[in-house]
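Have a look at the screen and I'll talk you through it.

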Amino acid sequence: MWIYEKKLQYPVRVSKCDPRVARYLVEQYGGADGELSAALRYLNQRYSIPDKVVGLLTDIGTEEFAHLEMIATMIYKLTKDATPRQMEEAGLGDHYVIHDNALFYQNASGVPWTAAYIQAKGDPLADLYEDIAAEEKARATYQWIIDMTDDVDLQDGLKFLREREIVHAMRFKEAVEMIKADRETKKVF
Amino acid sequence: MDKKLDEQYYRQLLELQQLDFALVELTLYLDTHPNDMQALQQFNQLAQQRQQCANQFEMQYGPLMQFGHSYSKYPWQWVESPWPWQV
């Protein structure tokens, strides 16, 4: 089971109301390689992957939910004081009409989240390679969002998340090697 | 949200976040390096430190977790302290 902890993994600060950046950040909330996709992808792959790497998928999948809450906090803080007019000017007029200031699992272009973003092939290497690619894509997206803002407080939180993608990709690459090594051992016997 | 948040709240929270970050990193590392004795020792040592730090924080600012993993004073404290996106 999962137990919620009432704190963020890393402090989230923003220095101004900025719905324009919030609109881009939604990509990491409900986009193809966002945090929701990541969490659901890894936790769902656990049931058909070798025991040796189930722990890693469980732990990274769980950490992704902490990242999802950080992104939600960023979006919340960037938009909570925005007027309908400011939302509209930031390109969030449609969002305001449909959701007010509520969060919604969609990408930066307003496309709702879909399970088609995530895969589970039952083949450990195919799944892990997808996971590595997803982390690298998320890392790149974080960089592009960092480039789109001059808010150093926001950048600080985004840089933390960008670095986490790198660490996760590294651990997944090690998991690939563990599975390969395991197969080699089995061939010998 | 009746408790006023002071400097100390943010300082203690940060201390806990720092300990927990080290523990997350060690957890993922140990998932792929299960035989690293030194990392394991560091993990167990920090886990103990983390527990003390969390207990101290909870005494002051209320429960961090639910379903029996944290204690509560009367009346039920769960919604009394601010949520993570409100601080």
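So, which residues in H7(A) are buried? They are Pro124(A), Asp127(A), Leu128(A), Asp131(A), Ala134(A), Glu135(A), Ala138(A), Thr141(A), Tyr142(A) and Ile145(A). Buried here means 20 or more other C-beta atoms within 10 Å of the residue's own, with exposed being 12 or fewer, partly exposed in between, and C-beta atoms placed from the backbone. An α-helix has 3.6 residues a turn, so residues three or four places apart point the same way.

Quick housekeeping: this is a predicted model, where local features need pLDDT of at least 70, side-chain atom pairs count only at pLDDT 80 or more, and totals for chains, interfaces and linings use all residues. Residues are numbered from 1 along each chain as its sequence is written, and chains are lettered from A and ligands numbered from 1 in the order written.

Take two of them. Glu135(A) sits in helix H7 of chain A, and helices are DSSP runs of H or I, at least four residues, numbered from the N terminus. Glu135(A) is buried because 23 other C-beta atoms lie within 10 Å. His168(A), in helix H8 (residues 152-188) of chain A, is buried too, with 26.

And what does His168(A) contact, leaving aside neighbours within four places in sequence? Ile60(A) and Glu135(A), where contact means C-beta atoms, placed from the backbone, within 7 Å.

How values were computed:
Helix = DSSP H or I, 4+ residues; strand = E, 2+ residues; numbered from the N terminus. Contact = placed C-beta atoms within 7 Å.
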